[in-house]
Amino acid sequence: MAEKLALVGIGKIARDQHIPAISSNSDWALEATVSRNASVDGVENFETLDGMLEARPDITTVSLAIPPQPRFEYAAKALKAGRHVMLEKPPGQSLAECFALEAMAEEQGVTLFATWHSRYADCVPDLKSWLADRTIKRLKITWKEDVRRWHPGQEWIWEPGGMGVFDPGINALSILTEILPYSVHLSEAALEFPDNRATPIAANMTFVDPMGADMSAEFDWRHEGLQTWNIEVETDQGRAHLSLGGEKLEIDGELVKHGSNNEYANLYARMAELVKTGRSDMDLSPLIHVCDAFSLGRRVAAEPFHF
Ligand code: NAP
């Protein structure tokens, strides 16, 4: 029988990805939404999470498609009410919030899933297995997009906890931490903050690879040309080029795969498996790199940003 699910926050990602992915998976039944401003045809809506939790004890799972700042409070309420919880990325606005949620989920004996949708892009598993028996010499992440195009009017990304350019950049870091056969750590970073904003618009990061590879990342939100979400890897046995955020893979200039966007379908399939098997999945490694960038990063002034 399908697990009954409530989706919280009916905004951009809920409409673009969550609702279609839930509707096409027979393991899930969208029984309720929690939204202060919107609703989904044919689905009961509650204005508050408290109201939903009280009225619908039969709903076993809560999926949070809200910005990171209010997420801890919502997740904590749902976990304390004994519900399984699925967290949009980033799983919290700080590491300590995530550790606290992990402890609550364990205490309640429910599933907690920190989703990293980019890890579920079609070509990420292919690149991971290609890299498994190669030595990396150089890896370069280039994540350059136009913030006005992808985040029109979203003020929360510019507020503390919103992470600025790391909101998309953490997707690249979620792929990096998935494909590498070992851990790397950040050694230095430069973060460009617009004068009128609390979060960065661009970032450059350098990593220490214990195997000696040259590893770096460049994130920029001021990019109006070809939108670029690339990871290039040079190894002892060829070069890989992952592009379109993980949807396309070329090896030594030859196309290996150009997949389609199944990221959220794969996320809901994974959540169903976690709930069935009584497990959680809270890998925080992408968020650790972001927190390290805020800790180690040199602050550089940039032009004020206006939508
Ligand atoms: P959004 O459209 O700006 O906001 C989503 C919804 O969250 C809003 O419509 C609102 O829902 C609710 N919300 C906003 N502020 C809130 C607050 N202070 N308290 C409670 N609820 C609040 O954002 P989004 O683009 O969907 O992003 C949401 C999350 O998904 C972020 O963590 C983002 O990183 C992640 N994500 C986004 C994308 C994307 O392409 N946009 C892609 C992947 C992941 P109601 O009006 O219904 O209450």
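The model is a predicted one. Around the ligand lies a shell of 23 residues, to which helix 3 is the leading contributor, with 4 residues. A second topic of this briefing is Arg270, a residue of helix 8.

**Shell around the ligand**
- Of the 23 surrounding residues, the closest to the ligand are Ser35, Asn37, Arg71, Trp156 and Asp167.
- At least two residues of the shell come from helix 1 (12-23), and at least two from helix 3 (68-80).
- The most is given by helix 3, which supplies 4 residues.

**Polar backbone atoms and ligand burial**
- A polar backbone atom of Ile13 lies 2.9 Å from an oxygen atom of the ligand.
- For Lys89, a distance of 2.9 Å likewise separates a polar backbone atom from a ligand oxygen atom.
- At Gly11, the distance from a polar backbone atom to an oxygen atom of the ligand is 3.5 Å.
- The ligand taken alone exposes 880 Å², of which the protein buries 82%.

**Arg270**
- Arg270 belongs to helix 8, which spans residues 263-277.
- Arg270 has a relative accessible area of 18% and is therefore buried, the cut-off being under 20%.
- The side chains of Arg270 and Asp281 form a polar contact at 2.9 Å.
- Apart from neighbours within four places in sequence, the residues in contact with Arg270 are Phe113, Tyr120, Arg279 and Asp281.

Terms used:
Residues are numbered from 1 along each chain as its sequence is written. This is a predicted model: local features need pLDDT of at least 70, side-chain atom pairs count only at pLDDT 80 or more; totals for chains, interfaces and linings use all residues. Side-chain values use heavy atoms; hydrogens and water are left out. Buried means under 20% relative accessible area, exposed over 50%, partly exposed in between (1.4 Å probe, protein chains only). A polar contact is a pair of N or O atoms within 3.5 Å; within protein, one must be able to donate a hydrogen and the other to accept it, and residues adjacent in sequence count only if both atoms are side-chain atoms. Contact means heavy atoms within 4.5 Å. A residue is near a molecule or strand if one of its heavy atoms lies within 4 Å of it. Accessible areas come from the Shrake-Rupley method with a 1.4 Å probe; for residues, only the protein chains shown count as cover.
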